[in-house]
Amino acid sequence: MYDVIVVGGGPSGVFTAQMLANQGFHALVLEEHKEIGEPVQCAGLISPRTLNLAGVSENIIINQLTGARVLSPLGGMLDIRTGQVHALAVDRAAFDRQLAIQAQNAGADVLTGAKVKGLKKNAGGFQVFVQTDSKEISCQARLIIGADGANSRVAKWLGLNCTGPRAIMYAADVELSRPEENDLVDIFVGRNMAPGWFGWLIPLNKNMCRVGTGFAFSRPGHSPRYFFQHIIESFPEYFKGFKILKYTGGTVPMGLMPKIYAPNAMLVGDAAWQTKPVSGGGIYPGMRGAQLCAQVAAQALKEDNLSEKTLSRYQLLWNEEFSQEIRCGLSHRESYLNFSDRDIDLLLRFLNKPYWQNIISKYGDIDYPSILARPLFNAGPWTRGFVKAAVYVAEHGSALKKGIKSVFSW
Ligand SMILES: Cc1cc2nc3c(=O)[nH]c(=O)nc-3n(C[C@H](O)[C@H](O)[C@H](O)COP(=O)(O)OP(=O)(O)OC[C@H]3O[C@@H](n4cnc5c(N)ncnc54)[C@H](O)[C@@H]3O)c2cc1C
C-alpha cells in the first residue's frame, strides 16, 4: 500500500516521486526497462537552469554550447554567437540515473523491470497490475501518477483525451570530425528535409556529435530514416566522413492537453504534453510540471482529498505558468509551417545582421522561446512586415511574397 505510485522512471516521474518522498509520502516508481535512463531517446540538450532545477551534479555535462547556426538548404544562414553558455549537451542516461538515486535517497522505492499492465479504480484509489521479470504483482496506491511518456497508456486507461499533434524524431550518435566551432549547435530547416520540424547537429567533442531530424507531417513512402539521410545529403560539408554509432528516435507531443488529472490520478511530463512546441524539448517543462504536480498532490494527500476538483488545481497552475508560452509557440509554428523554403531562406539572410543577432543573443532562452518574440517583432518595421505577412500566409495559405517585398523595399 503506497500513498503514490508513479508509472514511468523518466525525469518527470522520478522527480515527482523525489519531491513527494521528501515530504514523507510513501512513493513507488515503476519503470518497465531494466535500467533507468536506457534506452536513451533524446538529444540531451538542456539549459543550465534545468541542471540547477534537477540538482544533479555537473559531471553529466559533455559540452557547453554558446551559440547556434540556423541553415537553409538554399544557402541562407543565421549565425548567433553569444559568448555565454545557453545550452548544455548532457549524458541523458546519467541525468535520469542521478535523479532516480535522489528519489531513492529521499525515501522513494524505484522498481525497474516492472511494466504496468493495467489499473483498477477502487475506493482506496487504484490497484496497479505489474509484470516483473518473474511474476505478476499488484500494488495499491491512494494516488497514481502517469509519467509514462509520449504514448502514455495511463492517460488512455484514465479515459483522458490524448490525441494531438506530435513530431516524430529520428536521431543518431555519430563519429564526426569537427575540430572547430564545437560550441555551436547547427539547426537545419527545410520543408523536404524536416517537414514541419527541423534537423539538428549537436557537437559533443572534436570527434562526436548528435544528429537528428523530425517531422510533423508524414509523407507516404518516406520513412524517418529518409529525412535523416536527406539532411546529410543536403549539407555534405557538415557531414564529411561521418559514421553512425547508434540510432535513436521517438515522439514528442505538442500543445495544451485538455485534462491532465482525474479522480486519484494525475499525468506529468510528456504524458501530459509538457513540452515546447517550437523545439520539442520536454525535460525542463516536464520537471516544472513535476514540481507543480507534487505541490498539488502533497496537499491533496495530506488532506486525504484526492477528488477531481482538488486535483484540478494542478491544471490551473500548469496553465497559469505555461499556457501562454505554449500557445505562443504553437502560433509561431503555425506561421513557420506556411513558409516556403525560399521564405525561410530570405528570413534567415535578413536576420543575419549584427542588429538582429544582438537582439536574439540578448533575449534568446531555450526554455522560454516566447521571450524573444516580443523584442524581435517590436524591433522595427522590417519584422512587422514579416509578421504581417506570416499572419496573412497563415490565413490565406499563400507565399510570403507580400511581406518579403515590403521588407526589401523598406
Ligand atoms: C529524438 C529525441 C530527442 C529529444 N531531444 C531533447 C532535448 O535535446 N532536450 C529536451 O529537453 N528534450 C528532448 N526530447 C524530449 C525529451 O526526451 C522528453 O520530453 C523527456 O524524456 C520527457 O520525460 P518524461 O519523464 O516525461 O518521459 P520519458 O523520459 O519518456 O519517460 C517515460 C518512462 O516511462 C516508462 N514507461 C512507459 N510505459 C510504462 C509502463 N507501462 N510501465 C512502466 N514504465 C513505463 C518508459 O520506459 C520511460 O522510461 C527529445 C525527444 C526525442 C524523441
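1. In this predicted model, 11 residue pairs are in polar contact across the interface of domain 2 and domain 3, both residues of each pair being at pLDDT 80 or more. Two elements of domain 2 stand out here.

2. Salt bridges are absent: the count between domain 2 and domain 3 is zero.

3. Now the domain bounds. Domain 1 takes in 2-41, 48-55, 91-164 and 255-325. Domain 2 is made of 58-90 and 165-253. Domain 3 covers 330-409.

4. About 1,600 Å² is buried between domain 2 and domain 3. Carbon and sulfur atoms give 60% of that area. On the domain 2 side, L74, L78 and R191 supply 31% of the area buried against domain 3. No other three residues of domain 2 supply more.

5. A separate point concerns a sheet. Three strands form an open sheet in the order β3-β7-β4, with antiparallel pairing. β3 (45-46) and β4 (61-65) are the edge strands, each with a single partner, so one side of each has no neighbour in the sheet.

6. β3 and β7 (residues 87-90) run antiparallel and are joined by two bridges. Within this pairing, L45 stands opposite A89 of β7.

Key
Residues numbered from 1 in each chain as written. Predicted model: local features only at pLDDT ≥ 70, side-chain atom pairs only at ≥ 80, totals over all residues. Heavy atoms only, no water. Pairing = 2+ DSSP bridges. Helix = DSSP H or I, 4+ residues; strand = E, 2+ residues; numbered from the N terminus. Domains from an automatic or database assignment. Buried area = accessible area lost by both parts, 1.4 Å probe. Salt bridge = Lys/Arg side-chain N within 4 Å of Asp/Glu carboxyl O. Polar contact = N/O pair within 3.5 Å; in protein donor to acceptor, adjacent residues only side chain to side chain.
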